[in-house]
Amino acid sequence: MAENKNSIKYATNLPTSLIVNGEDRFGYELAKTLTEQGWYVFILDDTDSKLPEFSNLRNFTRIDYRGIPELHNNLRRVDYIFYLQHELGKKTLTSTEFLSNSTYLNQVLNLAVEFSASLIYTDSLRALESGIDSELENEIEYDQAELIR
């Protein structure tokens, strides 16, 4: 069961992953898969999930971005970090959002180095997310630059 988003629950005996920006359908599916395989999962995000399914996960803790410094001091193990830098339909960031995202990414990279964790970074999951989320109404078009990546 999920805990308060600023609390930290220790899970030293389990493989541990941190999912950054994971408070959406894709983050939930990833967290569900990992917890079903015996992992402990931390979701790091700045919003409360609108998905009621998160409350059904075991071995799971939600942490607000403000809790990143606590992670450095309190965690004993992080095996994988999934940095999900995607927002469906959002094409631009304000300068404030860019600076905040850069700060969070820097803090997460420092965690990866400190714990020798593997880091998986994504910057677009629009195709995958549209397959997961059946509630999307608009088809997503890709330009040639996105297809070449």
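This is a predicted model: local features need pLDDT of at least 70, side-chain atom pairs count only at pLDDT 80 or more; totals for chains, interfaces and linings use all residues.
Visitor: How does the span between the end C-alpha atoms of H3 fit its 21 residues?

Guide: At 1.5 Å a residue, H3 should span 30 Å, and its end C-alpha atoms are 30 Å apart, so the two values agree.

Visitor: Which residues of H3 are buried?

Guide: They are Asn-101, Val-108, Leu-111, Ala-112 and Phe-115. Viewed down the axis of H3, these buried residues fall within an arc of 100°, and therefore they line one face of the helix.

Visitor: What do the buried residues of H3 pack against?

Guide: Their partners are strand S1 (16–20), strand S2 (40–45), helix H2 (68–74), strand S4 (80–84) and strand S5 (118–122).

Visitor: And which residues are exposed on the other side of H3?

Guide: Ser-95, Thr-96, Phe-98, Leu-99 and Val-113 are exposed there.

Visitor: Where does Leu-109 lie, then? Is Leu-109 buried or exposed, or something in between?

Guide: Leu-109 belongs to helix H3, which covers residues 95–115. With a relative accessible area of 36%, Leu-109 is partly exposed. Together with Leu-119 and Tyr-121, Leu-109 forms a nonpolar patch on the surface, and the three have about 250 Å² of accessible area together.

Visitor: Changing topic: how many salt bridges does a search of the whole structure find?

Guide: The search finds four. One of them joins Glu-23 and Arg-62, whose closest N and O atoms are 2.5 Å apart. This pair links distant parts of the chain, 39 residues apart: Glu-23 is in the loop between S1 and helix H1 (25–36), while Arg-62 is in strand S3 (residues 60–64).

Visitor: Are Glu-23 and Arg-62 buried or exposed?

Guide: Glu-23 counts as buried at 10% relative accessibility. Arg-62 is buried too, with a relative accessible area of 14%.

Visitor: What else meets Arg-25 in a salt bridge?

Guide: The side chain of Glu-53 does, at 3.6 Å from N to O. Glu-53 lies in the loop between S2 and S3 and Arg-25 in helix H1, so this pair ties together parts that are 28 residues apart in sequence. Through shared partners, salt bridges join Arg-25, Glu-29 and Glu-53 into one network.

Technical notes. Residues are numbered from 1 along each chain as its sequence is written. Side-chain values use heavy atoms; hydrogens and water are left out. Patches are made of residues with over 30% relative accessible area and no salt bridge: like charges are joined within 9 Å, nonpolar side chains (Val, Leu, Ile, Met, Phe, Trp, Tyr) within 5 Å. Accessible areas come from the Shrake-Rupley method with a 1.4 Å probe; for residues, only the protein chains shown count as cover. Helices (H or I, at least four residues) and strands (E, at least two) are DSSP runs, numbered from the N terminus. Buried means under 20% relative accessible area, exposed over 50%, partly exposed in between (1.4 Å probe, protein chains only). The expected span of a helix is 1.5 Å times one less than its number of residues. The arc is that of the directions from the helix axis to the C-beta atoms. Contact means heavy atoms within 4.5 Å.
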